[in-house]
Amino acid sequence: MMYQDKNDITEGIDGVIWQSIEKAIDSNNLETFKTLNDFVVDVLLLSSRNKSLEHYSRYINFFSSYYYNSYLKKKDSITYNKFYRYVTTNSARHLNEFISYIVPYNEKDIEQANEENLSISNVFLYKSYCTFSRMIYMMIRNSDTELFDYVINEYDRIDPLNKYLFYNLKFEIRTNSSRLSPAELEKSKRLYGCVKYFDEYKRHGILGLRYWAIYLYKLKLNDLASTRKFLDGLIMKVDSQEIVSDLLYLRHSPNYNYFEWSSWDYKERLSGKIYKPPNVNDWLTFGFVVDLLKEKEIPLYINDLKRLELDEIQINDIPFFADKVRENIAIIKNDTEFWKSILGYDNELDFERRADKINNYFEDLRYETITSKERSIAEEPLDLDKIKDFENYIGEVWKQNLAIGALFLSRGNVEKSSEVINFIGQEIFPNNLKRIFLKSNSDSIFNIGDVSGMIARWVDDAFFSLVFVEEIDPIVNENIKKVIDDSINWLESKGQKPNVIILSSFDGHSDVLVFDEDFKWKQQLDHEAKNKYLLGTYKDIDIYTSYSELISNKIIVADFEKAFKMRFATANQWFDNMLKVDVEMITDIEAERIYQSNPKRWMRGNKNVELSKEESIILIKNSVHLVIGSFNEFDIIDKDAFIIGTTQSSIQTDLSKV
């Protein structure tokens, strides 16, 4: 069980140790640092042995912080150079050792296919890889090449034996699937699904860092020499087909802060201000395009399509991915002189040849074939029962993910209004989705439920975007309980009666909070919970959680009904009278309009076979016009009836400066 006991006597020691380490760095005292670091390593060894994730997560982060703090000191004074070189190389070596030998899979767990234990090992691996990635990210951000070769060599040397296990299983599944019994094949697939992460995390870490280095060069924040240095070291030892698979997966990763990419930034931001960091999908895709253009012979072949092993979501993303690839090639083409040294092409014709092959590949991927089945689908009418089933499915997923909206509804501080025009949702034309709405289709599984779940979370985002824009001095402390207590006291001093606490799902399960004697889980409460996001109560005040990124490290304490109101539009034909779900066929007129808007987009199919206009229209009509969303607006009624708190540790404060 990976949770901290409420009687843990080590609580808070990590903060004390970190303060001592900071003092050792500030005073350039290497011997004291070594002693403290030995303690950190001992704690990590013990934590990994006892599967104590909370302790491990705290202390593994120290290694990247060592680098950052010593780099700043070295930057100001050459006298810190010895210290900087020691902690940087030492951190890289320790991270290599922990990933290679301390936290990987236990042989017994592999032999017994113990999925639970292997999954726990994957969490420890991810935390370790994430710290290593953060350290290298800082080096790239700082354009620090002094010890980059050493650090990236330690990353590259991570024990390959675990990787061989991954490849052996993958090979067995691909080549011997017909020889294995169904039970053996299923066992191999499940084991592969557990152990693949050792190599996948390593590969994804390099992928993100490589494409980030390209992005900083694009912004002209790193020069050509340092960028070449970084790219020469950040080598991905996979073929381009696997990278295509990775990109299509990462563009829709269920982990919104995978490898902390969503928080990566290229400049310092003012504290307390809301801003939008670089879009992860944008810089990943741009870096991918630059990498492809660097190849003299682009290793992409449409006959290898099956190797991509894409799921429905990734397949549906191919048209949008292809569009972004084309857009990024156009951006690079407009500044070929700037990119020539990175791409290494001989002349303009060489660049055009590479660009054309990439664009053609993705167009072929987009329109692989027009079959007789697709012709039939284009003409078949939609089945009303299938549409109703879809509406109910999408509606239930939306309802299950509605956190803040459900909170307002349960509290009653809402107002129905036909004047609400703020639509929170999506209008899309998902490729090849029409088939699931046909009577001839026996498959009732809908693979875009995550869209409605995402839209429900956008309702949370809309509320938080309003609240956090307010010019309110937040209550700040690294202790979440202290932030909540101070917020309650502040409101009560204003004559308010706080009755709701809102915080992130991660912070909501903080040991400091849930093990406090004043906290009660919702299962302990007498009344039936009206909202699945009700976590419990603290001092008899209801605590609600949200998965929105905007609430990360923030806490809202409020007299909720007095502070806020939600206004929303309704209609009898909508799900629960609130969620609009419209599914409509693409008519001939609409298909013609879509085609005419960009005819060249529909002109190339599989194996360089050109599609006629008629075939293009058929392909378009295999889609549907889909609208999913609700109409919501939020109001702040009383600014004195709520307060915003922020949790931030001393270590996080240091890292936030990066």
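A residue is called buried when its relative accessible area is under 20%, exposed when it is over 50%, and partly exposed in between, with a 1.4 Å probe and protein chains only. By that criterion tyrosine 67, at 0% relative accessibility, counts as buried, and tyrosine 71, at 9%, counts as buried too. The model is predicted, so local features need pLDDT of at least 70 and side-chain atom pairs count only at pLDDT 80 or more, while totals for chains, interfaces and linings use all residues. Residues are numbered from 1 along each chain as its sequence is written, and side-chain values use heavy atoms, with hydrogens and water left out.

A search of the whole structure finds 60 aromatic pairs, where rings of Phe, Tyr and Trp (its six-membered ring) pair if their centres lie within 6.5 Å, and where planes under 30 degrees apart count as stacked, over 60 as edge-to-face and the rest as tilted. Tyrosine 59 and phenylalanine 62 form a tilted pair, 5.2 Å centre to centre with 45° between the planes; tyrosine 59 is buried at a relative accessible area of 3%, and phenylalanine 62 is buried at 0%. The rings of tyrosine 67 and tyrosine 71 have centres 5.8 Å apart and planes at 25°, so this pair is stacked. Both tyrosine 67 and tyrosine 71 lie in helix H4 (residues 62-76), four residues apart, about one turn of the helix; helices (H or I, at least four residues) and strands (E, at least two) are DSSP runs numbered from the N terminus.

Histidine 204 is found in helix H11 (residues 197-218) and is buried, with a relative accessible area of 1%. Leaving aside neighbours within four places in sequence, histidine 204 is in contact (heavy atoms within 4.5 Å) with Asp246, Tyr249, Leu250, Tyr258, Phe259 and Trp261.

The wider packing can be followed through the nonpolar cores, each a set of buried Ala, Val, Leu, Ile, Met, Phe, Trp, Tyr and Cys residues joined through side-chain atoms within 4.5 Å. The largest such core has 106 residues, and those with the most contacts inside it are Ile21, Ile136, Tyr211, Trp261, Phe288, Trp339 and Phe362. Its largest share, 14 residues, comes from helix H7 (residues 115-141). Isoleucine 21 touches Phe33, Leu36, Val40, Phe62 and Tyr66, not counting residues up to four places away in sequence. A second, separate core of 48 residues includes Leu407, Ile436, Tyr544 and Phe575.
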